[in-house]
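Please read the following walk through the structure with the sequence and the coordinates side by side. It begins with a contact between two elements, and then turns to confidence and to the surroundings of another element.

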Amino acid sequence: MFITNPDKLSPEFIFRGKLRIIVSPKCGSASVYHTLKNTDVIAGFHTRSRDAYVPDYEKTIMVVRDPKQRIISCWKYFCKSDESLPILSLGMAAVGAKKDMSFADFVELVEANLYKEEHFIPQSYYCRNRVIYKYMLTENLTEHWNTVAKAIMPTLPDLLYVNNDKNTAVSYDDLYTADIAAKVEEMYSDDFDLYEIAKASFD
């Protein structure tokens, strides 16, 4: 899907008016989706659900990922996967992503299309004007699902970790030159702040 109006995005997973979990693409959203897809408590996955009205909730928690790892994960999934790009994402193909694209070229693509593809949109965009009650970190998602989400709603299923091999952290030094790092830090400056706030919440 080629997104022309990000104001219509609805990435929230809605839990019967008690709990909202905000999960941006490439932050563990597939894990949350597959965990809950056979229950009656899910009401959206990325742009597949666009809610005209979002009611008030008792609590909102958010999954947050290191922005440098998030963009690496996106590049690996869409440009290094065995699947063909159109199968993975029509939106990604529409903005010009190609198989075997270099990481440097992919970062330039993101820079030019930041709000045109759902996987590029900053995490901070999804939580604008919302009060976040608790955070969970993608790198500790299984642990935090139990200690944060299930502490609030004990009836939630145990988390199924999907695409675990694709989400393995890699060394920044393997991919980030000074120029690439500067571009990512500029594009996702608010996400870096958000990530530090989320990490600090576990200190």
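In this predicted model, Pro67, Lys68 and Arg70 of helix H2 meet Asp191, Phe192 and Tyr195 of helix H9. Sorted by class, the residues of this contact between H2 and H9 comprise 3 nonpolar and 3 charged ones, with no polar residue. As for the geometry behind the contact, the axes of H2, which covers residues 67-79, and H9, which covers residues 189-200, come within 9 Å and cross at roughly 120°.

How far the coordinates can be followed is a matter of confidence. The protein has a mean pLDDT of 77, with 71% of its residues at 70 or more; confidence is highest in H9, at 98, and lowest in strand S1 (residues 12-15), where the mean is 51. Over residues 1-12 the pLDDT is below 50, although the model gives this stretch 37 contacts beyond near neighbours in sequence. Residues 47-55 likewise stay under 50, and for them the model has 15 contacts beyond four places in sequence. Where pLDDT is low, predicted coordinates should not be read in detail.

Which residues of H7 are buried? They are Leu141, His144, Trp145, Val148, Ala149 and Lys150, and the buried residues of this helix pack against helix H1 (29-36) as well as against the strands S2 (19-23), S3 (59-64) and S4 (134-137).

Terms used
Residues are numbered from 1 along each chain as its sequence is written. This is a predicted model: local features need pLDDT of at least 70, side-chain atom pairs count only at pLDDT 80 or more; totals for chains, interfaces and linings use all residues. Side-chain values use heavy atoms; hydrogens and water are left out. Axes are lines fitted to C-alpha atoms, for helices over the stretch in contact, and angles run from 0 to 180 degrees between N-to-C directions. Helices (H or I, at least four residues) and strands (E, at least two) are DSSP runs, numbered from the N terminus. Contact means heavy atoms within 4.5 Å. Ala, Val, Leu, Ile, Met, Phe, Trp, Tyr, Cys and Pro count as nonpolar, Asp, Glu, Lys and Arg as charged, and the others, Gly among them, as polar. pLDDT is the predictor's confidence in each residue, from 0 to 100. Buried means under 20% relative accessible area, exposed over 50%, partly exposed in between (1.4 Å probe, protein chains only).
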